[in-house]
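Trainee: I would like to learn how to read a structure that is new to me, one feature at a time. Could we begin with the inside and then work outwards?

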Amino acid sequence: MPAPRKYSDELRERAIRTVNETIRENPGMPVKRACSQVGEQLGIPGPTLRNWFRGPGPAAGSTATATDPHERLVQLEKENRELRRANAILRSASAFFASMSR
């Protein structure tokens, strides 16, 4: 049985939203510093807030990092390379198995 939650979902969402706003208002501010500042204001440890910010789910702050065009471009280029490599592997495997069936 998991431990009971110490912080409510509303507080988590508010904290993540505040971190997003802090980063938006101060471009170039590291996520770690923003989480520490907001955590001090709300009484939440910085590392806990960082885990929430980077964690899975729709309330996570991943949307804040996705708004940076350069980071998004790098992410998409990496995904594109991986997909091209996977397609090449599938094409060669398809050709190999097609030649075996003749």
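Trainee: Which residues of the largest nonpolar core touch the most other members?

Mentor: Keep in mind that this is a predicted model. A nonpolar core is a set of buried nonpolar residues joined through their side-chain atoms; here the largest such core has 13 residues, and V19, I44, L49, W52 and F53 are those that touch the most other members. Helices α1, α2 (31-42) and α3 (46-54) each supply at least two residues of this core, and α1 gives the most, with 4 residues.

Trainee: Which residues of α1 are buried, and which are exposed?

Mentor: The buried residues of α1 are A15, I16, V19, N20, T22 and I23. Seen down the axis of α1, these buried residues fall within an arc of 160°, so they line one face of the helix. On the other side of α1, E10, R24 and E25 are exposed.

Trainee: Which residues form a nonpolar patch on the surface?

Mentor: The patch is formed by F96, F97 and M100, which together have about 360 Å² of accessible area. Of these, F97 lies in helix α5 (residues 69-100). A residue counts as exposed when its relative accessible area is over 50%, and F97, at 54%, is therefore exposed.

Methods. Residues numbered from 1 in each chain as written. Predicted model: local features only at pLDDT ≥ 70, side-chain atom pairs only at ≥ 80, totals over all residues. Heavy atoms only, no water. Patch = residues over 30% accessible without salt bridge, like charges linked within 9 Å, V, L, I, M, F, W, Y side chains within 5 Å. Areas by Shrake-Rupley, 256 points an atom, 1.4 Å probe, with all protein chains shown as cover. Salt bridge = Lys/Arg side-chain N within 4 Å of Asp/Glu carboxyl O. Buried < 20%, exposed > 50% of the residue type's maximum accessible area, 1.4 Å probe, protein only. Arc of directions from axis to C-beta. Core = buried A, V, L, I, M, F, W, Y, C linked by side-chain atoms within 4.5 Å.
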